[in-house]
Amino acid sequence: MPAPVVDAKGVNLHLKNGGASLHILRDVDLSLAPGEVTAIVGPSGSGKTSLLMVLSGLEQASSGAISVAGTDIAGLNEDQLAIFRRNALGILFQNFHLVPSLTALENVALTLEIAEPSLPWSEIQSRAAAALGDVGLAGRLTHLPSALSGGEQQRVGLARAIVGQPKLLLADEPTGNLDQETGAHVIELMFGIARERGTAILLITHDPTLAAKADRQLRMNEGRLSERVPA
């Protein structure tokens with residue numbers, strides 16, 4: 001059996017709110033295999049996004065062990081965490097977060113420029129164009145975000161997330177700003193590319209139809225993660 005991409009055990013997260021301490025994540029265990037697509041559902045405020053923040057190293061767990069792509073992220077400093085995120089993670093947001101003054105190609109290329117600054121510009125362009133081709137945007141390379149539909153902008157975001165060949169793709173409500181048909185198309189692309197490349201996906205969604213497309217469904221409730229049995 002291949003090693004898990006994510007191996008988290010007994011993860012707790014406490015955050016301060018004024019003088020009070022809030023227990024956000026409670027003894028969370030999670031394992032994700034290469035190429036596995038896992039959806040997390042649950043009410044707002046249950047800790048779903050906080051779990052993604054902890055797995056990405058953007059928030060430090062209060063206790064527990066977290067290994068992502070073979071790296072124990074608990075012992076990393078900020079510089080090491082930045083390198084870890086560049087090398088191991090792709091992140092897809094609900095809001096597209098594209099740079100409005102850059103073309104689709106330049107938005108995707110920017111990720112590679114930051115992650116691998118020694119790469120020749122010609123190779124960066126080639127890899128960015130290939131990623132956009134993978135999401136069906138080979139004919140939109142020179143378009144600014146303002147000239148793209150919402151679905152096309154999210155596909156640029158997906159190309160940006162996968163261009164570095166990440167081991168783990170974190171997606172936080174990636175279809176929240178899209179209509180149902182467009183969202184379904186983006187999800188099919190994302191799932192297909194990740195499974196083909198062996199990238200694990202952890203997806204947060206409020207959409208039960210979308211969650212049902214995943215290999216596994218989990219539920220977060222009051223900071224606790226459990227297997228969800230589909231209705």
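Helix 6 is followed by glycine 198, and the phi of this glycine is positive, near 80 degrees. Helices here are DSSP runs of H or I with at least four residues, strands are runs of E with at least two, and both are numbered from the N terminus. The model is a predicted one, so local features need pLDDT of at least 70 and side-chain atom pairs count only at pLDDT 80 or more, while totals for chains, interfaces and linings use all residues. Residues are numbered from 1 along each chain as its sequence is written, and side-chain values use heavy atoms, with hydrogens and water left out.

Back to helix 6 itself. This helix covers residues 180–197, 18 residues in total, and reaches 26 Å from its first C-alpha to its last, close to the 26 Å expected at 1.5 Å a residue. (The expected span is 1.5 Å times one less than the number of residues.) At the N-terminal end sits a cap: a side-chain oxygen of aspartate 179 lies 3.1 Å from the backbone nitrogen of glutamate 181. Several residues of helix 6 are buried, among them Gly183, Val186, Leu189 and Phe191. Buried means under 20% relative accessible area, exposed means over 50%, and partly exposed is in between, using a 1.4 Å probe and protein chains only.

Threonine 199 counts as buried because its relative accessible area is 6%. Leaving aside neighbours within four places in sequence, threonine 199 is in contact with Gly35, Glu36, Pro166, Lys167, Leu168, Leu169 and Ala194, where contact means heavy atoms within 4.5 Å. Its side chain also reaches the backbone oxygen of proline 166 at 2.9 Å.

Next up is helix 5, residues 150–162. Its 13 residues should span 18 Å at 1.5 Å a residue, and its end C-alpha atoms are 19 Å apart, which agrees. Helix 5 is mostly covered, with twelve of its 13 residues buried. What covers them includes strand 6 (89–92), helix 3, helix 4 (121–134), strand 7 (168–172) and helix 6. One of the buried residues of helix 5 is glutamine 153, which has a relative accessible area of 17%. Not counting residues up to four places away in sequence, glutamine 153 touches Phe96, Leu98, Pro145 and Leu148.

Two loop residues have a positive phi without being glycine. For histidine 97, phi is near 55 degrees, and this residue is found in the loop between strand 6 and helix 3. For glutamate 173, phi is about 50 degrees. Glutamate 173 is found in the loop between strand 7 and helix 6, and it is buried, with a relative accessible area of 12%.

Now for the charged pairs. The structure holds eight salt bridges, a salt bridge being a side-chain nitrogen of Lys or Arg within 4 Å of a carboxyl oxygen of Asp or Glu. In one of them, aspartate 215 pairs with arginine 195, the closest N and O atoms being 2.8 Å apart. Aspartate 215 lies in the loop between helix 7 (208–211) and strand 9 (216–221) and arginine 195 in helix 6, so the pair ties together parts that are 20 residues apart in sequence. Aspartate 215 is partly exposed at 47% relative accessible area, and arginine 195 is partly exposed at 36%.

Another salt bridge joins arginine 127 to glutamate 123, with the closest N and O atoms 3.8 Å apart. Both residues lie in helix 4, four residues apart, about one turn of the helix. Lysine 9 forms a salt bridge with aspartate 7, where the closest N and O atoms are 2.8 Å apart. Glu36, Arg216 and Glu227 are linked in a network of salt bridges.

Finally, the surface. Val99, Leu110 and Ile114 make a nonpolar surface patch of about 210 Å². Patches are made of residues with over 30% relative accessible area and no salt bridge; like charges are joined within 9 Å, and nonpolar side chains (Val, Leu, Ile, Met, Phe, Trp, Tyr) within 5 Å. Accessible areas come from the Shrake-Rupley method with a 1.4 Å probe, and for residues only the protein chains shown count as cover. Leucine 110 lies in helix 3 (residues 104–115) and counts as partly exposed at 32% relative accessibility.

Methods. Polar contact = N/O pair within 3.5 Å; in protein donor to acceptor, adjacent residues only side chain to side chain.
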